[in-house]
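Colleague: Please take me through this model, one question at a time. I would like each answer to end on the name or value I asked for.

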There are 2 protein chains.
Amino acid sequence: MVLKKKPVTGMKDIMPREMEIRDYLIGEIKETYRSYGFLSMETPCVEHIENLTSKQGGDNEKLIFKILKRGEKLKLDSAKSEEDLVDGGLRYDLTLPLARYFANHMNDLPSPFKAMQIGSVWRADRPQKGRFRQFTQCDIDILGDDSPLSEIELILATTTMLGKIGFKNFTVCINDRNFLKAMASYSGFKDKDFDQVCIILDKIEKIGEEKVALELQELGYTKENTDTYLSLFAEVTKDVDGIRFLKDKLSGHLDGKVADNLEFVISSVMAAKEADFQIRFDPSMVRGQSYYTGTIFEVLMEDFGGSVAGGGRYDKMIGKFTGQDTPACGFSIGFERIVMILLEQDYQLPTKKESVAYLLDKNLPKEGMLKVLEVAKKERELGKRVLLSAMKKNKKFQKEQLEAEGYGQIVDCYEDTVEKL
Amino acid sequence: MVLKKKPVTGMKDIMPREMEIRDYLIGEIKETYRSYGFLSMETPCVEHIENLTSKQGGDNEKLIFKILKRGEKLKLDSAKSEEDLVDGGLRYDLTLPLARYFANHMNDLPSPFKAMQIGSVWRADRPQKGRFRQFTQCDIDILGDDSPLSEIELILATTTMLGKIGFKNFTVCINDRNFLKAMASYSGFKDKDFDQVCIILDKIEKIGEEKVALELQELGYTKENTDTYLSLFAEVTKDVDGIRFLKDKLSGHLDGKVADNLEFVISSVMAAKEADFQIRFDPSMVRGQSYYTGTIFEVLMEDFGGSVAGGGRYDKMIGKFTGQDTPACGFSIGFERIVMILLEQDYQLPTKKESVAYLLDKNLPKEGMLKVLEVAKKERELGKRVLLSAMKKNKKFQKEQLEAEGYGQIVDCYEDTVEKL
């Protein structure tokens with residue numbers, strides 16, 4: 001029988017060149033985040049199906065790879081629906097597992113808990129170019145701290161990491177969901193309409209102000225409310241002055257502390273930042289996930305057409321596991337996106353070590369082979385990468401291949417030449 | 001609704017202290033194997049169910065976590081058996097995926113291909129202490145080389161890595177399945193009985209020679225064959241002399257090249273080894289996996305009650321995917337076992353960096369906070385680990401906790417003290 005050679009639909013084999021970039025990136029991430037006091041943690045890739053389908057994950061819950069019950073628990077004859085057949089699923093993100101982990105271990109963890117996770121997640125999305133059904137996420141989160149120090153440290157750690165791999169002149173956009181709420185309230189929208197209004201507003205960058213107004217009115221909102229709302233966005237500047245303007249304008253609808261905290265986050269990040277970037281207040285930024293409760297932020301790289309990191313505050317999720325709310329704030333970098341950018345740039349790894357290949361003639365006697373092994377041992381101890389390989393008939397082609405793999409020095413090993421090594 | 005806090009049955013959350021050890025170990029492994037010219041590669045965690053159940057995996061095929069078909073492909077009403085419901089499964093090892101990967105990409109890979117893989121695998125084993133249903137495997141393999149250079153490089157790379165994390169005075173046991181076959185043939189067993197004889201022989205360390213003889217005779221093998229077989233094992237010494245003895249004794253049943261190659265592997269490893277270990281010819285070693293076709297080896301650490309690494313040559317597996325046999329040889333370290341040993345030893349990471357924690361008084365004004373952020377920035381740039389944390393009411397307890405987490409320097413930050421930082 002000849003077996004299937006291709007990976008399963010929508011998932012990919014990773015080639016050595018891409019793995020070099022991924023390994024390097026993970027090294028930089030772990031080192032940077034560790035210097036900010038984040039602690040590495042891990043959860044199983046499989047989660048309880050009940051947790052995965054508890055409405056924390058929005059549309060991702062439709063994309064779960066579900067795992068069949070095993071042994072006696074699987075009752076195929078009496079199964080009426082999918083739910084009867086499965087007891088687990090592959091996680092679709094790292095945030096829900098983090099909340100479960102924290103609830104399970106909070107007494108054994110520091111408080112606040114600064115977590116760093118790098119791991120695979122799975123979504124049965126329709127396959128499309130550059131998007132895969134298994135991909136790596138890379139999150140940092142601070143649990144148990146309601147102060148803006150969380151936001152400051154998350155933004156500094158993430159931007160420092162991006163700076164280390166050579167990204168510059170990018171923009172951190174920041175907003176607070178409470179601004180969005182207060183602006184809606186000020187404009188006469190009701191609390192219950194907030195989510196729907198946000199979903200339309202989220203399109204403003206794509207379709208423009210006029211179409212947003214139209215869509216809102218089509219849904220039955222008054223022209224007056226819509227106009228007030230959109231004129232607010234037109235009036236506010238995308239900087240600290242804009243925050244102050246809204247603090248005044250929205251008084252009665254907004255807790256002034258929201259504005260003060262956001263201003264403090266921006267000024268602190270600007271004062272203590274290491275990388276080369278701007279920070280911009282973006283009052284119309286919504287971000288998709290419904291679990292965000294406060295600040296939201298993302299990193300835009302215009303040169304690469306979009307967002308390379310995103311996050312925000314989600315103070316209500318941990319409570320779903322513990323019964324008691326715990327403040328939480330997280331930042332996730334777009335790991336796969338960054339890998340693609342580095343590959344497209346033909347990124348040269350700064351740590352590439354000296355590499356030597358020894359080509360062994362097929363008539364090389366055993367003593368000669370031992371000599372090469374001894375030389376290789378010494379060079380490996382010095383940190384060099386050393387390859388031992390049989391010499392092929394087409395030596396010229398073999399050498400070209402090895403050069404392409406990064407071997408700068410290639411040594412022919414014949415009986416009469418190895419002694420001189 | 002309160003969600004489930006525990007991980008799924010048989011899988012575990014990994015705490016920060018263990019993660020430190022795991023991250024460190026992975027770093028050492030990757031660095032060492034890279035210096036031997038192994039290339040990092042990765043396959044998806046999900047594999048085709050047809051490949052996973054193709055009889056390459058022995059008993060592991062009974063332990064597969066299977067993945068439900070999705071969308072229209074799932075036809076619950078007409079499903080007669082499990083097979084109708086699933087199209088994928090979580091991989092139970094890294095060897096089968098490697099064979100598929102190589103078959104899929106062989107034209108884009110160097111020849112021979114020296115692969116390194118670190119990844120999770122899943123087996124729905126009965127839960128028991130210290131064994132989990134998700135665990136990490138760590139394999140190196142050389143595909144496309146039939147020379148003993150493969151065995152030599154695999155053993156040198158693995159033992160060097162074990163030496164780097166402080167393991168010493170361990171034993172590499174080595175054998176060749178062709179010896180086992182020739183000894184059986186010499187003793188009068190038939191080719192078709194070889195697998196069964198090996199399964200019984202494999203128990204010799206546990207139950208002793210006499211019981212092995214009994215069990216073989218109970219299965220209907222003659223006393224004469226059994227006696228000849230076991231007396232061979234009694235006669236042969238566990239060293240290079242034993243190999244030479246068998247080469248003579250088994251002439252006519254054994255290709256002399258098998259003995260010469262094994263002797264060459266042993267002498268080369270002894271000449272070029274970096275770590276402190278012995279190598280022992282072990283003619284009664286069988287190793288479980290049925291796919292091994294030639295040399296087999298494992299690393300024994302008597303102090304820790306068993307094997308910490310194992311591998312061998314499997315020249316027939318790749319052909320299951322390509323239709324054409326490719327020589328292959330691999331070595332896998334017991335990653336989880338080594339992590340447990342290091343944790344039990346309370347292993348001190350050699351790379352622990354200087355760590356400072358700043359405790360921020362709740363009345364610290366914003367200017368003070370900015371000052372601390374600037375100091376932290378400079379220290380992080382120097383490679384220190386720096387934690388900023390709100391000062392708690394029970395400051396004494398907080399400091400004890402931070403010391404336990406490895407913060408050697410803890411600095412109180414009040415309005416009147418931060419200026420002096």
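Colleague: Which residue of β14(A) is the bridge partner of Val356(A)?

Modeller: Bear in mind that this is a predicted model. Strand β12 of chain A, residues 355-360, pairs with β14(A) in the parallel sense over five bridges. In β14(A), the bridge partner of Val356(A) is Gln409(A).

Colleague: How far apart do the C-alpha centres of domain 1 and domain 2 of chain A lie?

Modeller: Chain A is divided into domain 1, which spans 16-344, and domain 2, which spans 355-420. For scale, the C-alpha atoms of the chain fill a box of roughly 90 × 65 × 45 Å along the principal axes. The distance between the C-alpha centres of the two domains is 50 Å.

Colleague: What share of the 421 residues in chain A is buried?

Modeller: Chain A contains 16 helices and 14 strands. Among its contacts with a separation of 6 or more, 68% are between residues 24 or more positions apart. The accessible surface of the chain comes to about 18,800 Å², with 48% of that belonging to carbon and sulfur atoms. Taking buried as under 20% relative accessible area, the buried share of the residues is 56%.

Colleague: How many of the residues of strand β7 of chain B are buried?

Modeller: Phe170(B), Val172(B), Ile174(B) and Asp176(B) point one way from β7(B), and all of these are buried. Thr171(B), Cys173(B) and Asn175(B) point the other way and are buried as well. The strand, residues 170-176, is mostly covered, and its buried residues number seven of seven.

Colleague: In β9(B), which residue is the bridge partner of Asp176(B)?

Modeller: β7(B) pairs in the parallel sense with strand β8 of chain B, residues 277-281, over five bridges. There, Thr171(B) has Gln278(B) as its bridge partner. β7(B) also runs antiparallel to strand β9 of chain B, residues 295-301, and six bridges join them. In β9(B), the bridge partner of Asp176(B) is Thr295(B).

Colleague: What kind of axis relates chain A and chain B?

Modeller: Chain A is superposed on chain B by a rotation of 180 degrees with 0.0 Å of shift along its axis, at an RMSD of 0.0 Å. That relation is therefore the one given by a two-fold axis.

Colleague: Which residue of chain A comes closest to the rotation axis?

Modeller: The same surface serves both copies, as 100% of the contact residues of chain A recur in chain B. Of the residues of chain A, the one that comes closest to the axis has its C-alpha at 2.3 Å, and this is Ile67(A).

Terms used. Residues numbered from 1 in each chain as written. Chains lettered and ligands numbered in written order. Predicted model: local features only at pLDDT ≥ 70, side-chain atom pairs only at ≥ 80, totals over all residues. Heavy atoms only, no water. Buried < 20%, exposed > 50% of the residue type's maximum accessible area, 1.4 Å probe, protein only. Helix = DSSP H or I, 4+ residues; strand = E, 2+ residues; numbered from the N terminus. Pairing = 2+ DSSP bridges. Domains from an automatic or database assignment. Least-squares fit on C-alpha atoms with pLDDT ≥ 70 in both. Contact = heavy atoms within 4.5 Å. Areas by Shrake-Rupley, 256 points an atom, 1.4 Å probe, with all protein chains shown as cover.
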